[in-house]
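Dear colleague,

Please find below the structure that I am handing over to you, together with its sequence.

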Amino acid sequence: MRIDDKGRQYAIAALLAATAVAAAACSSSPSSSSTPPASTSSSTSSGSAAAVTNVTLGYVPYSDDASLFYAVDSGIFRQHGLNVSLVPQASPVAVEASMASGTEQFGFVTTPVLVNLNSKGVGIKCVSSVDGSQPSNPADDSTVLVAAKGSGITSVKGLAGKDVAEVQLTSLNSLAVEVLAKQAGINPSSIHQVAIPFAQMPAALAQGRVQAAVIVAPFASTATADGATVITHPNVDLFPNATVTCLDAMSSYISSNPTVVSEFRAAMDQSIAYSQNHQSVVKQTLVKGLTLTPAVAAAQILTTNWNATLNPASITLIEGYMKEFGIITTEPAASSLIWNP
Amino acid sequence: MISRYLLRYRLRLAVLAVALGLWQGLSAAGVIRSDEFPSMSQTATALWDQASTSTLWTAVGQTLEGWGIGLAIGAACAILVGTLIGLNGFAYRSVIGMVEFFKAIPVIAILPIALLLWGVTLTMKYALVAFAVFWPLVIQVCYGVRSLDPVVRDTATVLRLRGPRKFALVTMPSAAPFITTGLRVAVAVALIVDIIAELIGGGSGIGARILLAEADPSAYPIEYAYIVVAGLLGVLLASVFTIGERWVLHWHESQRPVLAEDQNYPERTEVAVAR
Amino acid sequence: MPANLLPYLRLAGTALTRAWLFIVFFGVWWFWSAGSKNLYFPPLESIVKALWTQWATGPARAELASSLEHLIVGYVIAACLGIGIGAALWSLRYAREATSPYLYFLYVLPAPVLVPAALTLFGIGFTMKVVLIAFAAMWPTLLNTMDGMRGVDTVKLDTSKSLGLPRWRNLLQVVLPAAAPQIVAGLRNSLQVAIILMVVSEWVASTDGIGYYIVNAQESFDYVDLWSGIIVLAIIGVVANLLFVAVENRVLYWHYGARAVEGASR
């Protein structure tokens with residue numbers, strides 16, 4: 001029996017090609033996979049002679065990133081010697097994981113995540129605010145606790161035994177609900193919290209799958225249009241003027257790149273100060289940043305009091321609650337969680 | 001002949017029209033909430049808008065980068081390792097348990113670990129793709145190498161073919177259809193894994209575009225436009241692969257009935273699958 | 001005495017051959033990670049402890065049961081739909097030709113992008129998960145059923161026609177059995193897809209299940225639990241596969257028997 005010559009040629013060629021590719025791949029594959037870095041110093045090209053340092057920042061896309069986008073788009077970072085590449089990610093947890101890998105130097109983080117990681121021995125510090133602290137005026141806060149139409153819930157007390165939607169079970173919102181419940185005198189563990197993305201909350205409320213939700217704009221207006229009623233603004237109630245989010249970096253990176261970090265802080269402070277007085281301009285960065293139309297971008301509420309100073313006392317407060325509800329076992333000192341120049 | 005060809009295409013267009021019409025109808029009738037789910041026309045408009053800028057094409061390119069590198073690495077390693085295991089019984093029995101174990105891990109579950117190791121980078125994407133592609137393909141290659149038609153095997157023995165000659169002339173061509181079947185599945189799996197890595201991890205590419213567009217209901221048409229792009233890309237890659245497969249394996253008997261009967265059947269799946 | 005021992009020694013030998021690489025791998029992992037203070041890569045010892053205290057004897061058993069429930073229901077539906085629709089499309093040639101590119105399109109769509117739509121349409125909970133699992137897992141079976149039935153030896157089809165078998169008997173007694181090996185290959189692939197979808201459907205908006213457990217562990221930075229979840233998933237996959245192969249051998253014994261007679265190397 002004769003095997004077709006062409007077939008043999010193809011087979012040999014395929015085998016040689018596969019070997020060649022494999023050899024090339026195996027020799028050039030990253031060797032960083034063998035030892036995972038716990039707190040690695042970054043691989044940025046922070047050449048002392050270079051005028052601009054390249055850094056990567058992982059963020060979670062939402063409206064309050066406007067000041068951050070503005071700092072990039074308007075060149076404020078560049079003026080401070082930084083070339084910031086923004087990488088969108090789904091949650092602060094993913095951002096922290098990327099920072100641990102060393103591929104990102106800065107990231108967006110929420111205070112509970114910051115506290116949790118530090119309490120478990122991972123050193124990360126807030127370097128700057130995102131766009132200010134939690135507002136104390138409900139009109140400025142787009143995060144609301146709503147009750148579904150027909151659920152009969154009119155206050156936090158009514159949440160006992162009900163299903164409440166949260167964006168993430170370990171988030172500030174979910175902690176706030178537990179704290180409010182306890183303050184209202186009901187057992188927080190009787191509330192059944194479900195993690196649902198904001199976008200699917202209005203449907204969940206309307207279909208009665210949950211009886212309440214902690215929801216943000218713009219989805220909150222969809223929910224209220226369906227008949228959901230606003231019960232309260234949990235973050236205004238519990239954490240006015242608190243540092244609930246920040247931009248952070250790993251402690252090891254901060255100690256080896258103090259100049260970069262202080263320039264970063266200065267740039268963000270400048271952007272936030274500008275944003276306070278030029279909100280309409282800054283909101284337009286959301287057109288590119290969040291793929292919104294200009295009209296929708298202009299209508300966004302920025303949840304901030306424009307105070308860019310990081311507030312350690314508020315972090316201590318949040319830590320206390322987290323310990324009370326068993327999320328963490330040790331409370332790291334709030335001062336160690338914030339970097340100061 | 002021609003009329004049957006045209007009929008098939010007219011039927012396919014008709015099915016597409018019915019499906020799209022149904023989507024639009026459900027949206028217009030309010031069965032699908034307009035703030036949860038965009039209508040067909042909105043999605044089509046968004047798709048057109050995105051396609052006329054460079055955004056869509058850049059995203060496709062970024063996805064294909066991770067897909068291509070990961071597929072190449074995974075496939076090359078799998079062909080090498082699979083061949084080695086297939087040829088040696090001891091190697092097969094030693095390794096097969098581990099391979100089955102790792103094959104069973106859904107890639108989404110190790111995504112957190114991949115993020116820790118490589119962050120949201122191209123490396124993370126192609127590492128995950130290579131991981132996902134490698135294990136099933138190893139088994140498939142191994143199976144192909146081992147399942148030599150007994151007549152062919154005996155003929156080779158009679159003709160005193162041994163060693164490298166036997167491998168190149170007999171084993172590899174015989175295993176080729178199994179390998180290409182495995183590769184066809186790998187092409188689809190690689191794309192799915194790449195998009196999942198982008199969607200949940202972030203970064204760049206089609207999945208990242210979908211992630212960005214989830215932030216606001218006004219962007220949902222864009223989100224679903226990119227979902228459609230993902231599916232279309234998969235179909236395109238599979239078709240290209242099938243054409244390539246037909247060309248490379250034109251000599252093999254498994255290709256003959258396909259060529260004779262049905263020219264447009266890129267969805268043909270497994271000839272046989274490893275046990 | 002040695003003669004009595006021989007079969008047992010051989011069994012031990014086979015077991016050792018299959019297991020030694022595993023043992024080496026886990027041994028290396030164990031010793032290399034022992035004493036690790038790294039949050040993200042804890043000692044294997046803690047992970048194994050978590051496997052025992054959480055999964056074998058502890059609270060995570062509820063998640064396991066819930067996931068398996070969704071998996072089984074979703075898979076059975078997927079199998080029935082896959083074979084049923086596949087067979088229907090095979091019989092109706094125009095339907096098949098009209099829809100085949102769209103079938104592949106739906107097969108290739110990455111499952112997580114369907115989750116928001118599924119949440120909107122089916123809410124949270126059992127229905128959404130089962131629908132997602134069934135929808136995504138049906139395609140390999142469907143495509144393989146169509147393929148397998150198309151590939152049936154024309155001699156068989158001609159014989160059945162000349163015997164005057166009615167369509168349904170032809171389908172059930174000639175075509176389906178002939179296509180069975182390929183259908184079973186599709187079912188096997190579907191099982192893998194179903195397990196993946198089981199995890200994916202629990203990743204978002206879930207209150208139970210292994211996917212929920214892993215996501216929760218990740219968000220609470222409990223990486224010991226995370227790793228234990230990953231290992232549990234791998235174990236489920238392996239066990240499901242073994243069960244499947246055992247069932248497959250019984251059901252297709254006639255096919256493998258025939259192949260063995262032909263002398264196919266296995």
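The domain bounds used in this message come from an automatic or database domain assignment. Please note also that this is a predicted model.

**Chain A: domains and confidence**

On that basis, chain A is divided into domain 1, made up of 53-134 and 242-337, and domain 2, which covers 138-238. The C-alpha centres of domain 1 and domain 2 of chain A are 25 Å apart. Their contact draws on 15 residues of domain 1 of chain A and 13 residues of domain 2 of chain A. On the domain 1 side, α5 and α15 (312-324) of chain A are the elements that contribute two or more residues. This side of domain 1 of chain A has 7 nonpolar and 8 polar residues, and no charged ones.

The mean pLDDT of chain A is 83, with 85% of its residues at 70 or more. In residues 1-5 of chain A the pLDDT falls below 50, and this stretch makes 5 contacts beyond near neighbours in sequence. Residues 23-49 of chain A also have pLDDT below 50, with 34 such contacts in the model. Where pLDDT is low, the predicted coordinates should not be read in detail.

**Contacts with chain C**

Between chains B and C, 51 residues of chain B are in contact with 53 residues of chain C. At least two residues each come from α1 (2-28), α4 (89-103), α5 (107-118), α8 (163-201) and α10 (220-248) of chain B. Of these, α4(B) gives the most, with 8 residues. The chain B side consists of 34 nonpolar, 6 polar and 11 charged residues.

Chain A also touches chain C: 22 residues of chain A are in contact with 18 residues of chain C. Here α4 (92-101), α5 (111-119), β7 (192-195) and α7 (201-206) of chain A each supply at least two residues. By class, the chain A side has 14 nonpolar, 6 polar and 2 charged residues.

**Helix α5 of chain B**

Why is α5(B) described as largely enclosed by the rest of the structure? The reason is that 10 of its 12 residues are buried; a residue counts as buried if 20 or more other C-beta atoms lie within 10 Å of its own. Among the buried residues of α5(B) are B:Ile108, B:Leu111, B:Pro112 and B:Trp118. The buried residues of α5(B) pack against α4 of chain A, against α6 (122-146) and α8 of chain B, and against α8 (167-201), α9 (210-219) and α10 (223-251) of chain C. After α5(B) comes B:Gly119, which has a positive phi near 65°.

With kind regards

Definitions and conventions. Residues are numbered from 1 along each chain as its sequence is written. Chains are lettered from A and ligands numbered from 1 in the order in which they are written. This is a predicted model: local features need pLDDT of at least 70, side-chain atom pairs count only at pLDDT 80 or more; totals for chains, interfaces and linings use all residues. Two residues are in contact if their C-beta atoms, placed from the backbone, lie within 7 Å. Helices (H or I, at least four residues) and strands (E, at least two) are DSSP runs, numbered from the N terminus. Ala, Val, Leu, Ile, Met, Phe, Trp, Tyr, Cys and Pro count as nonpolar, Asp, Glu, Lys and Arg as charged, and the others, Gly among them, as polar. pLDDT is the predictor's confidence in each residue, from 0 to 100.
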